[in-house]
Amino acid sequence: MKKSKVLFFLLFILPFFTFSGNKLKTLSNELSLEDEIKEAFKDYPFKCNPEGTTPEIAACSWIELIKSDRDLRKELNDELLYKRWIESRNKVCNHFQDKLYSGGTIRQITRPGCAIRVNKEIQKYCITGDPTCG
């Protein structure tokens, strides 16, 4: 990667996907899905393209996470519980992402993937009672 691309990534892309306090965490239930995605990506210069560059593929992953979080928030129907879930899930996913992909560009794709997978597992087990979960 050229020095300018590395610098751009470190200054603009990586902070967007550091998931401890960014806008993708929890948005108002009153926003439509489309508006929530627009709001979350208003400062992100790339559009979702599943066959594009890493930042474009990452945008697709983050959009899937927004959808997954909306579904779970609706199912839980408890904002405090949902907020606690997101905080705990993010800590766990960040822990393993730091351990496996610290500083790597793949992290921007695998990080939302972790959250989506954990959401799906909790929905499968706790909501539908599917014993194959986990």
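## Salt bridges

A salt bridge is a side-chain nitrogen of Lys or Arg within 4 Å of a carboxyl oxygen of Asp or Glu. In this predicted model, the side chains of glutamate 36 and arginine 70 meet that condition, with N and O 2.5 Å apart. Glutamate 36 belongs to helix 2 and arginine 70 to helix 3, so this pair links distant parts of the chain, 34 residues apart. Glutamate 36 counts as buried because its relative accessibility is 4%. A network of salt bridges links Glu36, Arg70 and Arg73.

A search of the whole structure finds seven salt bridges. One of them joins aspartate 69 and arginine 89, with the closest N and O atoms 2.5 Å apart. Aspartate 69 lies in helix 3 and arginine 89 in helix 4, so the bridge ties together parts that are 20 residues apart in sequence. Both partners are buried: aspartate 69 has a relative accessible area of 2%, and arginine 89 has a relative accessibility of 2%.

Glutamate 64 and lysine 67 form another salt bridge, and here the closest N and O atoms are 3.5 Å apart. These two residues are three residues apart in helix 3, which means that about one helical turn separates them. Glutamate 64 is partly exposed at 40% relative accessibility, and lysine 67 is partly exposed at 33%.

Helix 3 has 23 residues and spans 32 Å from its first C-alpha to its last, close to the 33 Å expected. After this helix comes asparagine 77, with a positive phi near 55°.

The largest nonpolar core has 15 residues, and those touching the most other members are Ile37, Phe41, Tyr44, Ala58, Trp62, Leu65 and Ile66. Helix 2 (33-40), helix 3 (54-76) and helix 5 (107-127) each supply at least two residues of this core. Helix 3 gives the largest share, six residues.

Helix 4 covers residues 79-101 and reaches 31 Å from its first C-alpha to its last, close to the 33 Å expected. At its start, a side-chain oxygen of aspartate 78 comes to within 3.2 Å of the backbone nitrogen of leucine 80. Just after helix 4, glycine 103 has a positive phi of about 80°.

The buried residues of helix 4 include Tyr82, Ile86, Arg89 and Cys93. Valine 92 is also in helix 4, but counts as partly exposed because its relative accessibility is 45%. Together with Phe96, Leu100, Tyr101 and Ile106, Val92 makes a nonpolar surface patch of about 440 Å².

Note on methods: Residues are numbered from 1 along each chain as its sequence is written. This is a predicted model: local features need pLDDT of at least 70, side-chain atom pairs count only at pLDDT 80 or more; totals for chains, interfaces and linings use all residues. Side-chain values use heavy atoms; hydrogens and water are left out. A nonpolar core is a set of buried Ala, Val, Leu, Ile, Met, Phe, Trp, Tyr and Cys residues joined through side-chain atoms within 4.5 Å. Buried means under 20% relative accessible area, exposed over 50%, partly exposed in between (1.4 Å probe, protein chains only). Helices (H or I, at least four residues) and strands (E, at least two) are DSSP runs, numbered from the N terminus. The expected span of a helix is 1.5 Å times one less than its number of residues. A polar contact is a pair of N or O atoms within 3.5 Å; within protein, one must be able to donate a hydrogen and the other to accept it, and residues adjacent in sequence count only if both atoms are side-chain atoms. Patches are made of residues with over 30% relative accessible area and no salt bridge: like charges are joined within 9 Å, nonpolar side chains (Val, Leu, Ile, Met, Phe, Trp, Tyr) within 5 Å. Accessible areas come from the Shrake-Rupley method with a 1.4 Å probe; for residues, only the protein chains shown count as cover.
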